[in-house]
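Please read this report alongside the sequence and the model.

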Amino acid sequence: MPSPVFHAPQTVDQAVALLGADPSARVLSGGTDLIVQMRSQRISPSAIVDVKRIAGMSGIREQGGSFIIGAATPCTALKENKALVTAWPGVVEAANLIGSVQVRNRATMAGNLCNASPAADSVPALVAAGATCLIAGPGGTREVAAEKVTTGPGRTTLAPGEFVVEIRLPARPAGGGDAYLRSIPRTEMDIAVVGAAAALVIDASGTCTAARISLGAVAPTVLLVEAAGAALIGSTFDEAAMERMADAVRVACSPIDDKRGTAVYRIAMAGILARRVVEIARSRAGEFK
Amino acid sequence: MSKMFVTATVNGDSAEFLCDPGATLLDVLRDTMGLTGTKEGCGSGDCGACTVMLDGEMVCSCLVLAAETEGRQVSTIEAVAEGSDLHPVQRQFLEHGALQCGFCTPGFIVASKALLDHNPNPSESEVRYWLAGNLCRCTGYDKIVRAVLDAAAEMRQERIPA
């Protein structure tokens with residue numbers, strides 16, 4: 001492959017300057033998408049900006065129950081943070097469904113998000129959890145909801161010179177729980193045919209007081225299906241509420257037919273997976289007072 | 001395109017090399033350093049034949065740029081045996097005939113050793129999940145999994161069932 005220039009800036013400002021100066025420069029953190037795309041000549045960036053030498057880009061900080069995850073933190077490192085595993089098991093599990101151990105030792109959730117695949121496993125879990133991204137750029141920093149970062153396959157709302165510095169997860173609310181599942185024809189090393197995530201809050205009586213349902217691989221971007229969450233709020237997850245939730249999920253889907261699955265199959269599976277993740281999230285919520 | 005000068009630690013020794021900025025760690029290990037035990041299978045992170053340790057974690061060296069390794073520790077299949085003393089994983093691969101063509105074997109051995117360094121007593125399903133990123137088109141995996149389980153037992157100094 002043609003060789004780009006390689007930069008390893010030490011500060012966010014240096015990285016912003018390098019990225020802003022060269023519209024074809026690309027951010028490197030885990031490289032598990034970027035280097036594959038370079039080798040297949042899908043992209044030929046003129047410069048690579050390795051952000052891993054910037055202080056704070058790797059590692060997880062807990063702040064009053066919320067979590068600040070450096071954008072270059074690899075997926076396997078999430079599993080080693082017990083507080084994060086306890087607070088957001090669905091997010092940690094989703095990130096650790098990506099690729100193999102070799103891949104997860106490098107791959108990051110920020111990269112999974114910015115690669116903007118509709119089938120990205122960690123993204124529905126982040127969206128359901130209400131994660132935000134801190135984005136640095138020439139105009140300073142801005143915080144954006146995870147569901148507002150991508151606009152289509154391979155496309156994001158990041159402007160030239162901008163890159164994701166942190167992923168922020170809120171504190172897990174009392175009575176909160178989350179979950180992510182994907183459907184694939186094998187058990188490992190595959191791309192989601194459908195992915196579904198749920199994050200719920202239930203009160204002491206078992207009534208749902210908040211719910212966010214997110215879907216992967218059924219539309220050009222990961223979806224936040226607000227109507228599906230709304231269908232559960234105020235219910236005790238009775239069959240009628242669950243079916244209204246699943247209906248809202250199916251209505252939101254606009255998938256393609258491809259070698260992984262037909263549109264009809266994806267829509268049907270989205271409803272089923274959404275029901276399953278709601279059940280898992282609900283049982284986790286019940287354990288977290 | 002000007003070359004980059006990189007200093008890393010490779011198999012315990014300080015290594016200095018020149019590389020193209022877009023060269024992968026795999027390219028440099030094989031073509032510059034002559035460490036040809038690490039194999040290139042797919043070149044896209046799917047097969048695990050190029051598995052090496054980077055700062056103590058296993059990675060696909062085809063998905064690491066050589067320039068990224070400045071100041072970091074790389075360990076390859078060449079460092080698994082101590083001189084002529086094979087690592088238990090290597091010995092058990094021989095014992096079980098856990099290879100045919102052998103192309104995937106260096107990656108499997110590096111990955112298996114990494115597993116046993118993390119988890120000295122893995123279950124069969126833990127072995128299979130851990131090795132999901134290493135593809136073998138010859139063996140059907142069963143002999144590999146048994147070799148790893150027996151290597152684990154040997155390293156725990158348990159008797160290996162006959």
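In chain B, the buried residues of H1(B) pack against S2 and S5 of chain B. This is a predicted model. Helix H1 of chain B covers residues 25-32, and its buried residues are B:Leu25, B:Leu26, B:Val28 and B:Leu29. After H1(B) comes B:Gly34, with a positive phi near 70°.

## The sheet of chain B

Both strands under H1(B), S2 and S5 of chain B, belong to an open sheet of 5 strands. The strand order is S2-S1-S5-S3-S4 (chain B), and the pairing is mixed. Strand S2 (13-19) and strand S4 (57-60) of chain B form the edges, each pairing on one side only. On average, neighbouring strands of this sheet are turned by 40° against each other, direction ignored.

Strands of a sheet pair through backbone hydrogen bonds, either parallel or antiparallel. How do strand S3 (residues 51-54) and strand S5 (residues 73-75) of chain B run? They run antiparallel, joined by 2 bridges. Here B:Met53 stands opposite B:Ser75 in S5(B). Helix H3 (residues 105-118) of chain B packs on the sheet and touches S3 and S4 of chain B. The direction of H3(B) makes about 40° with that of S3(B).

## Helix packing in chain B

H3(B) also meets helix H5 of chain B, and so does H2(B).

| Helix pair | Axes come within | Crossing angle |
|---|---|---|
| H2(B) and H5(B) | 8 Å | roughly 135° |
| H3(B) and H5(B) | 11 Å | roughly 40° |

Take helix H2 (residues 88-96) and helix H5 (residues 142-155) of chain B. H2(B) passes H5(B) in a right-handed crossing. On the side of H2(B), the contact is made by B:Pro88, B:Val89, B:Gln92, B:Phe93, B:Glu95 and B:His96. H5(B) brings residues including B:Lys143, B:Arg146, B:Ala147, B:Val148 and B:Asp150. B:Ala151, B:Glu154 and B:Met155 of H5(B) also take part.

The buried residues of H2(B) are B:Pro88, B:Val89, B:Gln90, B:Gln92 and B:Phe93. Their cover includes H3 and H5 of chain B. Just after H2(B), B:Gly97 takes a positive phi of about 60°.

H3(B) and H5(B) are oblique to each other as well. H3(B) passes H5(B) in a right-handed crossing. H3(B) makes this contact with B:Phe108, B:Ser112, B:Leu115 and B:Leu116. H5(B) answers with B:Ile144, B:Val148, B:Ala151, B:Ala152 and B:Met155.

## Chain B as a whole

Chain B has 5 helices and 5 strands. Along the sequence, they follow the pattern β-β-α-β-β-β-α-α-α-α. A compact globule of 162 residues would have a radius of gyration near 15 Å, and the 16 Å of chain B agrees with this. The C-alpha atoms of chain B fill a box of roughly 60 × 30 × 25 Å along the principal axes. Buried residues make up 47% of the chain B total of 162. Of the chain B contacts with a separation of 6 or more, 59% are between residues 24 or more positions apart.

What does the secondary structure of chain A come to? It comes to 11 helices and 14 strands. The radius of gyration of chain A is 19 Å, close to the 19 Å given by the globule rule for 289 residues, so chain A is as compact as a globular protein of that length. Its C-alpha atoms fill a box of roughly 60 × 45 × 35 Å along the principal axes. Of the 289 residues of chain A, 53% count as buried. Among chain A contacts between residues at least 6 apart in sequence, 65% join residues at least 24 apart.

The contact between the chains takes 23 residues from chain A and 24 residues from chain B. On the side of chain A that touches chain B, the elements giving two or more residues are strand S1 (5-7), helix H2 (34-39), strand S3 (47-50) and helix H6 (101-104) of chain A. H2(A) gives the most to that side, with 4 residues.

Conventions: Residues are numbered from 1 along each chain as its sequence is written. Chains are lettered from A and ligands numbered from 1 in the order in which they are written. This is a predicted model: local features need pLDDT of at least 70, side-chain atom pairs count only at pLDDT 80 or more; totals for chains, interfaces and linings use all residues. The radius of gyration is taken over C-alpha atoms; the globule rule is 2.2 Å times the number of residues to the power 0.38. A residue is buried if 20 or more other C-beta atoms lie within 10 Å of its own, exposed if 12 or fewer, and partly exposed in between; C-beta atoms are placed from the backbone. Two residues are in contact if their C-beta atoms, placed from the backbone, lie within 7 Å. Two strands pair if DSSP finds at least two bridges between them. Axes are lines fitted to C-alpha atoms, for helices over the stretch in contact, and angles run from 0 to 180 degrees between N-to-C directions. A crossing is left-handed if the near helix is turned anticlockwise from the far one by less than a right angle, and right-handed if clockwise. Angles under 35 degrees count as roughly parallel, over 145 as roughly antiparallel, 65 to 115 as roughly perpendicular and the rest as oblique.
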